[in-house]
Amino acid sequence: MASSQKKVPFYGTPKQEEELRKVIEELRDEKGCLMPIMQRAQDIYGYLPQEVLTIISDELGVPLEKIYGVATFYSQFNLNPKGKYQISVCLGTACYVKGSGDIYNKIKEILGIDGGECTPDGKFSLSACRCVGACGLAPVMMINGEVYGRLTVDDVYGILQKYN
């Protein structure tokens with residue numbers, strides 16, 4: 001199944017929207033206000049869903065395409081929510097040569113998501129990193145900062161089951 005079919009539902013609250021609109025009102029007249037508004041919006045929601053980008057666009061009169069361009073250019077912005085359990089697989093050289101690419105692919109297969117995405121239930125999100133400084137334990141992945149090392153593809157399912 002293509003992961004683009006697995007959109008995480010937006011669960012914004014009226015209180016969050018009110019807070020966002022206050023931020024926009026407070027900053028709208030400042031030169032270069034778009035980035036600070038987007039940063040504060042991400043603080044409020046935890047990420048920048050399309051619904052939030054649309055509110056910013058409508059309120060500021062800035063085309064949605066421009067806002068999306070800023071959100072995708074700067075790595076500080078997330079267009080997808082982070083899961084309760086954030087999985088990061090090291091794809092640095094030491095880990096990669098020992099099979100972390102296969103581990104990453106196995107996690108994608110089990111969870112049905114791509115890197116940078118979150119499962120529809122909000123439980124897991126997946127990302128790749130370049131080095132966690134545990135090369136002696138290669139290949140390595142982390143879940144919410146807990147390091148799992150010397151992994152094989154066969155270890156992945158059992159580790160994920162600990163978080164269910």
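## Secondary structure and overall dimensions

The protein contains seven helices and four strands, where helices (H or I, at least four residues) and strands (E, at least two) are DSSP runs numbered from the N terminus. Followed along the sequence, these elements give the pattern α-α-α-α-β-α-α-β-β-β-α. This is a predicted model, in which local features need pLDDT of at least 70 and side-chain atom pairs count only at pLDDT 80 or more, whereas totals for chains, interfaces and linings use all residues. Residues are numbered from 1 along each chain as its sequence is written, and side-chain values use heavy atoms, with hydrogens and water left out.

The C-alpha trace spans about 55 × 30 × 25 Å along its principal axes. Of the 164 residues, 40% count as buried; buried means under 20% relative accessible area, exposed over 50%, and partly exposed in between, for a 1.4 Å probe and protein chains only. Where contact means heavy atoms within 4.5 Å, 61% of the contacts between residues at least 6 apart in sequence join residues at least 24 apart.

## Surface and charge

The accessible surface comes to about 9,400 Å², and 50% of it belongs to carbon and sulfur atoms; the areas come from the Shrake-Rupley method with a 1.4 Å probe, and for residues only the protein chains shown count as cover. There are 18 positive and 20 negative side chains, with the centres of the two sets 6 Å apart. In this count Lys and Arg are positive and Asp and Glu negative, while His and the chain ends are not counted, and the place of a charge is taken as NZ of Lys, CZ of Arg, CG of Asp or CD of Glu.

## The nonpolar cores

In soluble globular proteins, nonpolar side chains tend to be buried together. A nonpolar core is here a set of buried Ala, Val, Leu, Ile, Met, Phe, Trp, Tyr and Cys residues joined through side-chain atoms within 4.5 Å. The largest such core has 22 residues, of which Leu-20, Ile-37, Met-38, Ile-56 and Leu-60 touch the most other members. Two or more residues each are given to this core by α1 (14-27), α2 (34-45), α3 (50-60) and α4 (64-73), and α2 gives the most, with six residues. Apart from this core lies another, of 19 residues, among them Ile-103, Leu-126, Ile-143 and Val-156.

Within α3, the buried residues are Val-52, Leu-53, Ile-55, Ile-56, Ser-57 and Leu-60, and what covers them includes α1, α2 and α4. Leaving aside neighbours within four places in sequence, Ile-56 is in contact with Leu-20, Ile-24, Leu-34, Ile-37, Met-38, Ala-41 and Ile-67. Helix α3 is followed by Gly-61, whose phi is positive, near 70°.

## Aromatic pairs

The structure holds four aromatic pairs; rings of Phe, Tyr and Trp (its six-membered ring) pair if their centres lie within 6.5 Å, and planes under 30 degrees apart count as stacked, over 60 as edge-to-face and the rest as tilted. Phe-10 and Tyr-45 form a tilted pair, at 5.8 Å centre to centre and with 35° between the planes. Because Phe-10 lies in the segment before α1 and Tyr-45 in helix α2, the pair ties together parts that are 35 residues apart in sequence. Phe-10 counts as partly exposed, at 28% relative accessibility, whereas Tyr-45, at 12%, counts as buried. Elsewhere, Tyr-85, Phe-124 and Tyr-163 form one aromatic cluster.

Ser-88 lies in strand β1 (residues 85-90) and counts as buried, at 13% relative accessibility. Not counting residues up to four places away in sequence, Ser-88 touches Ser-127, Ala-128, Cys-129, Met-141 and Met-142.

Several backbone features fall in loops. The peptide bond from Ala-138 to Pro-139 is cis, with omega near -5°, and Pro-139 lies in the loop between β2 (124-129) and β3 (141-143). Asn-144, in the loop between β3 and β4, has a positive phi of about 50° although it is not a glycine, and counts as partly exposed at 46% relative accessibility. Arg-150, in the loop between β4 and α7, likewise has a positive phi of about 50° without being a glycine, and counts as exposed at 57% relative accessibility. Thr-152 is found in the loop between β4 (146-148) and α7 (153-161) and is partly exposed, with a relative accessible area of 40%. Thr-152 and Asp-114 are 38 residues apart in sequence and 20 Å apart in space, C-alpha to C-alpha.
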